[in-house]
Amino acid sequence: MTEPLLSVQDLRTYFRTSAGVARAVDGVSFEIAPNESVGVVGESGCGKSVTSLSLLRLIQRPGSIEPGSKIAFEGTDLLALDDEAMRKIRGNRIAMIFQEPMTALNPVFTVGAQLAEVPRVHSSIGKRDAWARAVEMLGTVGIPDPAERAKSYPHQLSGGMRQRVMIGMALMLSPSLLIADEPTTALDVTIQAQILELLADLRARTAMSVLLITHDLGVVAESTSRVIVMYAGEIVEQADVRELFAKPHHPYTEGLMAAMPRAGTKRERLTVIPGAVPSPYDWPAGCRFHARCPYAWERCEREHPPLYQIGAGHVSRCHLAVEPERRNTPHVPLAAQIGARA
Amino acid sequence: MRRLLARRLLQGLAVVWLVGTLTFTLLHLAPGDAFSYHDRHIPADVIERWRHIYCLDRPLVAQYGCYLRSMASGNLGYSISQQRPVLDILIDYVPRTIELMFFSLLLSFVAGIGLGVLEARHRGGFPDWGSRAIALFFYSMPDFWLALMLVLLFAYWVPILPISGMEDVINGPSFSGWQRLVDHARHLVLPVISLVLLTCAAIARFQRAAMLDVMRMEFVVTARAKGVSENVISRHHVLRNALLPIITVAGLTLPSLLGGAVLVELVFSWPGMGYITAAAIGNRDYALVMASVLVSSVLVVLGNVAADLLYALADPRVRAA
């Protein structure tokens, strides 16, 4: 196996507030190989966004990355760097794009200026040269008439164009890792496909790796080779994308797939996972999913499951790995029973 | 843009007219007139004739008609107490008030914005609550009292600054051009400081709130993710956005600054509009009071129009509209 580009070990990001400690990310470990595309899936509140922000150390007070966490990137321990050294990595070696390109772009500067700023803060390049590179990049990400469009303000562009601008901004310095946090969620379906295609195309051309954060399994299926499923601040399943879709192991992953709308299937209603993600201030004891799980038994309430090895590169945080016969006796999850009673 | 300007100016005209009419009514409803306290030795029939000349012997509505007619012909009236045409007085006094306003507004914005940015960057820390406490202290102080305390401090305990007028009356005439300028600037210091201390706390508050608002926005995270340093983020990305609401505040600060200026001009004998208006009110010098009220309202209206235009220039989203 090649040396990983990024290696995250036991990442814990806690928010210490007056209401208590929110363990938003609670012991996450994974690796990304060079030029690999990895997806992170989960409902809102599962900790996927906080994980991505933690990688760039963009967590603001009262949040903090706990001691004992390790993030190694290109052989450097990111958590040991001082602020200035970390700043030099952001936007340069690791870049990030966000969900809502309208609010993620500064409304009072032209998009050209916002692109040109990236090389300006990381090198001594002149204003004119930076602008020329910004225009060139806008062309690369498929914006027609880039020299003119560079002078536009974000509000003058469509949602899809704005996301192209965001992507262009992230790629200005050819980072080796691009973190995309829900890059297509705010876009129309047709535009979504174009943006994903653009990302895949750029990844193929530049040999960068992509960490794609999304709640949409469809997006993951289309554009990643490996999937990490997160729930309640933890990784609950990780597998090759084909393996995961063919043989999902964790009941939560199964639930996510059942909740996916599929064309061509005759189903009256979409299945939903009963209940909601529990509060990070007070994760449930045992398996954090047990109240919403149709297979949960007494062991799940008591014993926090480790990541069991299911197959090659396939792990799952579910006791079904050791007691597979329990899958034959599904029942109504606890959360649904409570919901029905209320 | 041009339509915005035209609309704002029309609205402003309506505001000025309303202010003028209200002031006119109030002023004339108050008992007495310019001749009430006149020398007893003047025969009653002379005073009656004067009253007649100035329309003062007619009903309020007729007086208002008189006033509008003279305004329409461009005649601002004659100041009875000063025995000069009102226009001449304005030409003498308005520039001095504008000078005071200009420097006070400029400095309170520089100071207010600077403090606001500092407070926001050190939110919750010593620079934040320290500067807020001091600013609030001055903000809550009555304007004349603050002015008097400055006089006490800088003219009595540490006598380094002149406390009255615009120039040195004794040595002034012999000063060269350059010395005259320095002397004038020294006379400006205390009135300007009083007004700045009175207004910059409010501006700092607004600026701080605006900065904190903008700092929560997503593009700030984007800027961090790009590798922009915190300093550049607050100076460049945040401040540029947080200045937008402050431009509006500038327009709103003008009236309170003009109000404060009346008392500050009195305390420091700064021969401006406030100084002359206070005297004119005491003398029931209707024409002069009306003129100074109109000048203030025109200044406020123009200030707000200027703020609107600046806002449009600073915010590309409004510029396009």
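Visitor: What is Val28(A) in contact with, leaving aside neighbours within four places in sequence?
Guide: Val28(A) is in contact with Val8(A), Gln9(A), Asp10(A), Leu11(A), Met230(A), Gly233(A), Glu234(A) and Ile235(A). Contact means heavy atoms within 4.5 Å. This is a predicted model, in which local features need pLDDT of at least 70 and side-chain atom pairs count only at pLDDT 80 or more, while totals for chains, interfaces and linings use all residues. Residues are numbered from 1 along each chain as its sequence is written, chains are lettered from A and ligands numbered from 1 in the order in which they are written, and side-chain values use heavy atoms, with hydrogens and water left out.

Visitor: Is Val28(A) buried or exposed?
Guide: Val28(A) has a relative accessible area of 1%, so it is buried. The term buried means under 20% relative accessible area, exposed means over 50%, and partly exposed lies in between (1.4 Å probe, protein chains only). Val28(A) belongs to strand 2 of chain A, residues 20-32; helices (H or I, at least four residues) and strands (E, at least two) are DSSP runs numbered from the N terminus.

Visitor: And residue 28 of chain B: where is His28(B) found?
Guide: His28(B) is in helix 1 of chain B, residues 2-29. With a relative accessible area of 15%, His28(B) is buried. Not counting residues up to four places away in sequence, it touches Leu56(B), Leu60(B), Gln63(B) and Tyr286(B).

Visitor: Which side chain makes a polar contact with the side chain of His28(B)?
Guide: That of Gln63(B), at 2.6 Å. A polar contact is a pair of N or O atoms within 3.5 Å; within protein, one must be able to donate a hydrogen and the other to accept it, and residues adjacent in sequence count only if both atoms are side-chain atoms.

Visitor: Now the interface. How much area do chain A and chain B bury between them?
Guide: About 2100 Å², 60% of it on carbon and sulfur atoms. Buried area is the accessible area (1.4 Å probe) that two parts lose on being put together, summed over both. Val108(A), Phe109(A) and Glu117(A) supply 25% of the area that chain A buries against chain B, more than any other three residues. The contact takes 27 residues from chain A and 21 residues from chain B.

Visitor: How many salt bridges does the rule find across the interface?
Guide: The rule finds 1, a salt bridge being a side-chain nitrogen of Lys or Arg within 4 Å of a carboxyl oxygen of Asp or Glu. Lys226(B) pairs with Glu117(A), the closest N and O atoms being 2.8 Å apart.

Visitor: Which element supplies the largest share of the side of chain A that touches chain B?
Guide: Helix 4 of chain A, with 5 residues.
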